[in-house]
Amino acid sequence: MAKKEHVSETPATQFLRKHGIAFSEHPYAYEEHGGTAVSARELGVDEHQVVKTLVMQDEAAKPLIVLMHGDRKVSTKNLARQIGCKSVEPCKPEVANRHSGYLVGGTSPFGTRKAMPVYVEESILALDKIYINGGRRGFLVGIDPGALVKVLPAKPVNCALED
C-alpha cells in the first residue's frame, strides 16, 4: 500500500516505537460519529479487523480500556462479571478524554495519560493484523494483535455482542 502522507508523532506512535512494535500508518478522512464503519471503508478493510478503544469505568468510577471489534458491541454485564466488578459503563466523552489524554474518536490504548487496565476481546488476538487508533482522529495504525498482550498488557475477555 502506498504511503499517502506522513503523520506527525503522537503519544501512541512514540509508545510503539519505544517498545519496538512494528506498525503501518493509515491516515483517512475522519467523519464525526462515523466510527469504525467509516475507517474500515476508507482503508478498504473488514470492519471486524478495525479495533475500537473504549474508555469505560467500574462502579467506583475507576477507568479501564476495552478493545473491541469495530462491528461488535461490548456486553457490559459479561465484562463486569469477568473482571470482578459489579458494573461497567462507558465514560462520558470529557471524562474519557481526561483519563486517556486523547479526544474521543482518536483514543489509542498506547501512550495514555493514565495507566489503566486494558481488556481485549479474545477473538481479536486470533486475527492476522488489526487496525487500531494511532492517537488522532483519522489515523489508524496496523499492527500484529499479539502486541496488545505484549506491551499493554491486555487481558483477554469474552464480552462481544453482534452489533
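A nonpolar core here is a set of buried Ala, Val, Leu, Ile, Met, Phe, Trp, Tyr and Cys residues joined through side-chain atoms within 4.5 Å. I am working from a predicted model.

**Entry 1: cores.** I looked up the largest nonpolar core and found 28 residues. Leu67, Phe110, Ile132, Val141, Ile143, Leu148 and Leu152 have the most contacts inside it. I then listed the elements that give this core two or more residues: α1 (11-18), β2 (50-58), β3 (63-69), α4 (93-100), β6 (118-121), β7 (130-136), β8 (139-143) and α5 (146-151). There is also a second, separate core, with 13 residues. Leu64, Val66, Met68 and Ile83 are among them.

**Entry 2: Leu152.** I asked which residues leucine 152 contacts, leaving aside neighbours within four places in sequence. I got Phe15, Leu67, Pro109, Phe110, Val118 and Ala147.

**Entry 3: Thr53.** I placed threonine 53 in strand β2. Is threonine 53 buried or exposed? It counts as buried, because its relative accessibility is 12% and the cut-off for buried is under 20%. A polar atom of its side chain lies 3.4 Å from the backbone oxygen of threonine 107. Not counting residues up to four places away in sequence, threonine 53 touches Ile65, Val66, Leu67, Thr107, Ser108, Pro109 and Ile132.

**Entry 4: helix α3.** I checked residues 76-83 and found Leu79, Ala80 and Ile83 buried. They cover an arc of only 100 degrees around the axis, so they sit on the same side of α3. Lys77 and Arg81 are exposed on the other side. I looked for what covers the buried residues; the cover includes β2, β3, β4 (72-74), β5 (88-90), β6 and β9 (155-157). Just after α3, glycine 84 has a positive phi of about 75 degrees.

Conventions. Residues numbered from 1 in each chain as written. Predicted model: local features only at pLDDT ≥ 70, side-chain atom pairs only at ≥ 80, totals over all residues. Heavy atoms only, no water. Buried < 20%, exposed > 50% of the residue type's maximum accessible area, 1.4 Å probe, protein only. Helix = DSSP H or I, 4+ residues; strand = E, 2+ residues; numbered from the N terminus. Contact = heavy atoms within 4.5 Å. Polar contact = N/O pair within 3.5 Å; in protein donor to acceptor, adjacent residues only side chain to side chain. Arc of directions from axis to C-beta.
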